[in-house]
Amino acid sequence: MKTTISQAAKHKDQEVTIGAWLTNKRSSGKIAFLQLRDGTGFIQGVVVKNDVSEETFQRAKSLTQETSMYITGKIVEDTRSSFGYELQVSDIEVIQEAVDYPITPKKHGTEFLMDHRHLWLRSKKQHAVMKIRNEIIRSTYQFFNENDFVKIDPPILTGSSAEGTTELFHTKYFDEEAYLSQSGQLYMEAAAMAFGKVFSFGPTFRAEKSKTRRHLIEFWMIEPEMAFVDHEESLVIQENYVSYIAQSVLENCKLELEVLERDTSKLENIKAPFPRITYDEAIELLKEKGFDDIKWGEDFGAPHETAIAESFDKPVFITNYPAEIKSFYMKPHPERSDVVLCADLIAPEGYGEIIGGSQRIDDLALMQERYEQHGLTGPAYEWYLELSKYGSVPHSGFGLGLERTVAWLSGVEHVRETIPFPRLLNRLYP
Ligand code: 4AD
Ligand code: MG
């Protein structure tokens with residue numbers, strides 16, 4: 001019977017055939033150990049000389065890395081491996097012999113691996129990271145579906161900028177000027193007025209000249225937007241959501257976390273509520289920690305965020321940033337016009353900001369004032385202004401960066417390993 005490695009437990013003590021690739025092997029005169037993968041998982045195949053034909057044994061011994069095959073054998077329990085099963089091989093049918101596969105089991109440099117990303121994705125560690133990414137996506141849909149959100153897809157080609165004009169990818173839309181979306185937020189605000197609670201999940205683009213472990217040029221964002229929800233209520237949804245995906249990964253990605261040698265005790269802690277500090281308090285904390293130069297009104301860089309996060313064992317919300325350094329659409333604090341009702345959620349262990357969110361301006365006159373201050377003119381923005389004109393209501397939303405969240409939960413250092421084909425400052429290949 002044809003099956004997959006992920007289904008092994010269901011076929012205990014049965015003979016099955018699996019389409020697989022060889023990742024590594026070890027053999028002696030009497031026995032060969034084949035490390036096999038089929039995309040759904042990894043399993044060891046054991047070929048015993050005395051149990052198979054001479055031809056099959058010789059074929060097993062001569063298999064090269066990444067050779068593809070149909071391999072037949074009996075699934076048996078193997079308590080020594082964390083997967084729990086192995087394959088007692090009886091037959092091997094080679095599909096294609098792979099010659100000189102470039103990524104060998106020895107160590108390779110990052111640039112080499114990035115140049116071979118189309119093949120590197122097959123390796124055990126990369127496979128584990130992508131499975132964790134998949135689990136975050138799966139549990140994201142589950143969380144928002146369970147909480148009555150409607151999935152809405154904002155456009156990717158847009159005529160307006162959502163997050164400032166300096167990091168836009170320009171393109172031609174026939175005769176018009178267009179941009180690749182930096183954020184679907186403005187469209188999600190329109191959607192919230194039509195559907196109440198909505199979320200999007202899609203690619204976003206930032207022509208950022210940043211070359212850090214936290215920045216991609218193309219990244220995926222989850223953007224919920226909620227009508228009749230204020231800033232404080234939004235924070236509760238954010239912490240519940242992040243706790244939910246962290247606990248889902250812990251529960252459903254045990255093998256993957258083990259492959260990545262993730263310290264899971266750090267993740268067990270990720271349960272709502274999360275601590276909250278104001279921007280003002282964060283400035284004080286930074287001064288105590290020796291950042292003597294930091295002044296009120298300055299934005300935080302990676303070292304600041306890391307230092308703040310070190311004081312907490314859960315993600316921490318930094319709230320009420322100065323209006324000057326935040327986006328035009330954020331609602332001013334009712335008692336202090338110099339700060340806005342917003343929060344960044346900073347992940348522990350130096351992974352930085354994973355969420356940016358705020359309550360939005362819902363007052364037409366104030367929105368018009370912000371438009372003028374930010375030079376947002378022209379027909380491209382008119383539709384957005386109409387949202388504060390026809391039945392405006394308090395509403396809040398946020399954006400969670402998928403890749404930074406994958407990096408944090410997986411414990412990988414750099415976001416470039418958290419997306420199948422990263423787009424970086426110097427990389428459009430493969
Ligand atoms: O803080 P940002 O820029 O917020 C927005 O775009 C809002 N419009 C979201 C909203 O309220 N609907 O981006 C949100 C998140 C960040 O916290 C970060 O996790 C991620 O997106 N992010 C990036 N991830 C990878 N590479 C980049 N260059 C990123 N820029 C932002
Ligand atoms: Mg931000």
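Predicted model: local features only at pLDDT ≥ 70, side-chain atom pairs only at ≥ 80, totals over all residues.

Q: Got it. Which residues in α4 meet α6?
A: On the α4 side they are Ile132, Glu135, Ile136, Arg138, Ser139, Thr140, Gln142, Phe143, Phe144 and Glu146. Their partners in α6 are Ile237, Asn240, Tyr241, Tyr244, Ile245, Ser248, Val249 and Asn252.

Q: And how do the residues of that contact divide into nonpolar, polar and charged?
A: Nine are nonpolar, six are polar and three are charged.

Q: Nice. At what angle do the two helices pack?
A: Helix α4 (residues 124-146) and helix α6 (residues 231-252) pack at about 135 degrees, and their axes are 9 Å apart. That angle makes α4 oblique to α6.

Q: Is the crossing of α4 and α6 left-handed or right-handed?
A: The α4 and α6 crossing is right-handed.

Q: Switching to strands: how many bridges pair β2 and β3?
A: Six bridges, in the antiparallel sense, between β2 (residues 15-27) and β3 (residues 31-37). Ser27 stands opposite Ala32 in β3, and a hairpin joins β2 to β3 through three residues.

Q: What about β3 and β4, parallel or antiparallel?
A: They run antiparallel, with seven bridges joining β3 to β4 (residues 42-48). Gln35 stands opposite Gln44 in β4.

Q: Which residue takes a positive phi in the hairpin of β3 and β4?
A: That's Gly39, with a phi near 95 degrees; this hairpin has four residues between the strands.

Conventions
Residues numbered from 1 in each chain as written. Chains lettered and ligands numbered in written order. Heavy atoms only, no water. Axes fitted to C-alpha atoms, helices over the stretch in contact; angles between N-to-C directions. Parallel < 35°, antiparallel > 145°, perpendicular 65-115°, else oblique. Left-handed = near helix turned anticlockwise from the far one by under 90°. Contact = heavy atoms within 4.5 Å. Nonpolar A, V, L, I, M, F, W, Y, C, P; charged D, E, K, R; others polar. Pairing = 2+ DSSP bridges.
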